[in-house]
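Please examine the sequence and the model shown here. The questions that follow are to be answered from the structure.

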Amino acid sequence: MADGKTLDNVIQAKQMGRANMKHDMTTRMRRGRSSQGIRNLLRENDLLPNHLILPLFVEENATERQPIASIPGVYRETEDSIVQIAKEAEEAGLGGIMLFGVSHNKDHSGSDSLKKGGLLDRMISRVKDATSDLPVIADLCFCEYTDHGHCGPLTETGTVDNDITIENIAKQAVIAADAGADIVAPSGMMDGQVSAIRSGLDEAGFEMTPIMAYAAKYASHFYGPFRDAAGCSLQKGDRKTYQMDYANGDEALREVALDIEEGADMVMVKPGMPYLDIIWRVRETFAMPTFAYNVSGEFAMLKFAAEAGCLDYNNALMEMLMSFRRAGAQGILTYGALDAAKIIKNS
Ligand code: PBG
């Protein structure tokens, strides 16, 4: 041998070393981590661009795209600039985009989103005209279109009127499907909304349009930046009479079970990172395509921590997104979708 040792010397030294060992080390977990090649071979989960859905904000009649201060790196797009981003998303091979309107035509019931030619209709049509295979998902809700910011018209006591809202949301679903939406995603947490949408779509001839139900959506404090971005902060009250209490887990399973019964094709848990246990339980219980929404506040935490020099954005983003895959998520809605797709491509 190059350093003058014979093979026998080396083997003898190793045997002596083993004899001196204090512990039985038959199993050494580090064997599986000893080189990049072995680590690649043993990697249990993957993260690919098609697992990622990019949420996008489209501001009505805006002339220039505006950065959103509370979510660094995210913009309110214009009805023109959205086309460019959608094309980028398609080229990057993303799983889809999710469109949110920033309306300047708000009223008590959010009627702009129920009209042909309204913002919801226009933004979906624009994007569908500009792309070919990219799944375009329409968020169905009224909070971006109501002047009080709640997810449907209010009763006299100031709470959202469930049964009127679900009738309206069925109409909203038809507007979205007719504009070309590939998937509709109701996020209002109204009882019976999935069933109302399914019937509405079927009656209008859209029986092949799938529903991605925001099935377990919590009344979360991590939506702060979104409400700023979408201009849907509440005039009064909170959303605790329709979104879930963050202390509850079993209730999420009941919500998901109902949505599946009502015809949901895919289910979602929202927010994501503080609810990994829920994602896991939903996936294990129902074996349905399960999505996680890595919401604005989670993403902003990462961005601001990176800006402060506390952590590396790219690496922490990939680790965060992989946690959803490990928890059983089929896909992840994340503001970091394009960044992650670039990182994956360059790795
Ligand atoms: C509206 C809606 C919200 C989000 C998505 N759809 C806000 C809310 O319920 O208040 C939040 C998304 C995010 O924070 O990134 N129904």
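Q: How many helices and strands does the protein chain have, and what percentage of its residues count as buried?
A: The C-alpha atoms of this predicted chain fill a box of roughly 90 × 45 × 40 Å along the principal axes. Its secondary structure comprises 12 helices and 10 strands. Of its 347 residues, the share that counts as buried is 51%.

Q: Among contacts between residues at least 6 apart in sequence, what percentage join residues at least 24 apart?
A: The contacts concerned are those in the protein chain between residues separated by at least 6 places in sequence. Among these, the share that joins residues at least 24 apart is 75%.

Q: Which residues of H6 make the contact with H5, and how many residues of the contact are nonpolar?
A: H5 passes H6 in a right-handed crossing. From H5, the contact draws on Ile 166, Ile 169, Ala 170, Ala 173, Val 174 and Ala 177. From H6, it draws on Gln 193, Ala 196, Ile 197, Gly 200 and Leu 201. By class, the contact of H5 with H6 has no charged residues and two polar ones, and the number of nonpolar residues is nine.

Q: Which elements are included in what covers the buried residues of H6?
A: The buried residues of H6 are Gln 193, Val 194, Ala 196, Ile 197, Arg 198, Gly 200 and Leu 201. Their cover includes H5 and helix H8 (250–262), together with strands E5 (136–140), E6 (183–186) and E7 (212–217).

Q: Are H4 and H5 roughly parallel or roughly antiparallel to each other?
A: The axes of H4 and H5 are 8 Å apart, and the helices pack at an angle of about 25°. Their crossing is right-handed. Angles under 35 degrees count as roughly parallel, and H4 and H5 are therefore roughly parallel.

Q: How many charged residues does the contact of H4 with H5 have?
A: On the H4 side, the residues are Leu 120, Asp 121, Ile 124, Ser 125 and Lys 128. They meet Gln 172, Ile 175, Ala 176 and Ala 179 in H5. This contact of H4 with H5 has five nonpolar and two polar residues, and the number of charged residues is two.

Q: From which element does the largest share of the largest nonpolar core come?
A: The largest nonpolar core has 107 residues. The members that touch the most others are Phe 57, Ile 97, Met 98, Leu 99, Ile 124, Met 212 and Leu 317. The largest share of this core, eight residues, comes from H5.

Q: With which residues is Met 98 in contact, leaving aside its neighbours within four places in sequence?
A: Met 98 is one of the core residues that touch the most other members. Beyond its neighbours within four places in sequence, Met 98 is in contact with Ile 53, Leu 54, Pro 55, Leu 56, Ile 137, Ala 138, Asp 139, Ala 185, Tyr 214, Met 268 and Leu 333.

Q: What is the relative accessible area of Lys 115?
A: Lys 115 is found in the loop between strand E4 (96–102) and helix H4 (119–130). Neighbours within four places in sequence aside, Lys 115 is in contact with Asp 121 and Ile 175. Lys 115 is partly exposed, and its relative accessible area is 45%.

Q: Is Asn 61 buried or exposed?
A: Asn 61 is placed in the loop between strand E1 (52–59) and strand E2 (66–67). Its phi is positive, near 55°, in a residue other than glycine. With a relative accessible area of 59%, Asn 61 is exposed.

Q: Is Ala 287 buried or exposed?
A: Ala 287 is in the loop between H9 and strand E9 (290–294). Although not a glycine, Ala 287 has a positive phi of about 50°. With a relative accessible area of 61%, Ala 287 is exposed.

Q: What is the omega of the cis peptide bond that joins Lys 270 and Pro 271?
A: Pro 271 lies in the loop between strand E8 (266–270) and helix H9 (276–286). The cis peptide bond joins Pro 271 to Lys 270, with an omega of about -10°.

Note on methods:
Residues are numbered from 1 along each chain as its sequence is written. This is a predicted model: local features need pLDDT of at least 70, side-chain atom pairs count only at pLDDT 80 or more; totals for chains, interfaces and linings use all residues. Side-chain values use heavy atoms; hydrogens and water are left out. A crossing is left-handed if the near helix is turned anticlockwise from the far one by less than a right angle, and right-handed if clockwise. Helices (H or I, at least four residues) and strands (E, at least two) are DSSP runs, numbered from the N terminus. Contact means heavy atoms within 4.5 Å. Ala, Val, Leu, Ile, Met, Phe, Trp, Tyr, Cys and Pro count as nonpolar, Asp, Glu, Lys and Arg as charged, and the others, Gly among them, as polar. A nonpolar core is a set of buried Ala, Val, Leu, Ile, Met, Phe, Trp, Tyr and Cys residues joined through side-chain atoms within 4.5 Å. Buried means under 20% relative accessible area, exposed over 50%, partly exposed in between (1.4 Å probe, protein chains only). Axes are lines fitted to C-alpha atoms, for helices over the stretch in contact, and angles run from 0 to 180 degrees between N-to-C directions. Angles under 35 degrees count as roughly parallel, over 145 as roughly antiparallel, 65 to 115 as roughly perpendicular and the rest as oblique.
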